[in-house]
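Dear colleague,

I am passing on the structure we talked about, together with some notes on what I found in it. Please read the notes with the coordinates open beside them.

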Amino acid sequence: MAEEKKKYPTPRGAAATAAKNKYRAGNYDRMELAVPKGMKEAVRAAAAQAGYSSFNSYIVAAVREKYLRDTGEEMTWGKGEE
């Protein structure tokens with residue numbers, strides 16, 4: 001018989017939100033990207049077709065690839081690197 005995975009409730013409420021926001025602030029920079037109407041959905045579809053787990057991971061991979069082509073160097077940033 002297969003072992004059942006224990007399910008834990010997803011934390012909710014103000015304390016959970018504050019903890020998530022603190023983690024994100026310490027580990028990620030935010031960027032706003034403005035694209036022509038329709039481009040977002042085309043990129044989202046390309047990310048799904050390419051098997052990326054998220055739209056964001058596809059964009060990060062694209063930026064890293066372009067950086068490598070332009071500079072000849074791998075983009076590294078240490079903590080939490082994908």
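This is a predicted model: local features need pLDDT of at least 70, side-chain atom pairs count only at pLDDT 80 or more; totals for chains, interfaces and linings use all residues.

Salt bridges

The structure holds two salt bridges. In one of them Arg69 is paired with Glu65, with 3.1 Å between the closest N and O atoms; both residues belong to helix α3, which covers residues 55-71, and they are four residues apart, about one turn of the helix. As for accessibility, Arg69 counts as exposed because its relative accessibility of 56% is over 50%, while Glu65, with a relative accessible area of 48%, is partly exposed.

The other salt bridge joins the side chains of Lys66 and Asp70, again with an N to O distance of 3.1 Å. Lys66 and Asp70 also both lie in helix α3, and their spacing is four residues, about one turn of the helix. Here Lys66 is partly exposed at 42% relative accessibility, whereas Asp70, at 52%, counts as exposed.

Packing of α2 and α3

How do the axes of α2 and α3 lie relative to each other? The axis of helix α2, which runs over residues 39-49, comes within 9 Å of the axis of α3, and the two cross at roughly 90 degrees. Since angles of 65 to 115 degrees count as roughly perpendicular, α2 and α3 are therefore described as roughly perpendicular to each other. On the α2 side the contact involves Lys40, Val43, Arg44, Ala46 and Ala47, and these residues meet Phe55, Tyr58 and Ile59 of α3.

Arg64, which lies in helix α3, counts as buried because its relative accessible area of 18% is under 20%, and its side chain reaches the backbone oxygen of Met75 at 3.1 Å. Met75 itself is found in the segment after α3 and is partly exposed, with a relative accessibility of 22%. The C-alpha atom of Met75 is separated by 8.7 Å from that of Glu65, a residue ten positions away along the chain; Glu65 is also the partner of Arg69 in the salt bridge described above.

Ser57 likewise sits in helix α3, where its relative accessible area of 14% makes it buried. A polar atom of the Ser57 side chain lies 2.8 Å from the backbone oxygen of Ser54.

Notes. Residues are numbered from 1 along each chain as its sequence is written. Side-chain values use heavy atoms; hydrogens and water are left out. A salt bridge is a side-chain nitrogen of Lys or Arg within 4 Å of a carboxyl oxygen of Asp or Glu. Buried means under 20% relative accessible area, exposed over 50%, partly exposed in between (1.4 Å probe, protein chains only). Axes are lines fitted to C-alpha atoms, for helices over the stretch in contact, and angles run from 0 to 180 degrees between N-to-C directions. Angles under 35 degrees count as roughly parallel, over 145 as roughly antiparallel, 65 to 115 as roughly perpendicular and the rest as oblique. Contact means heavy atoms within 4.5 Å. A polar contact is a pair of N or O atoms within 3.5 Å; within protein, one must be able to donate a hydrogen and the other to accept it, and residues adjacent in sequence count only if both atoms are side-chain atoms.
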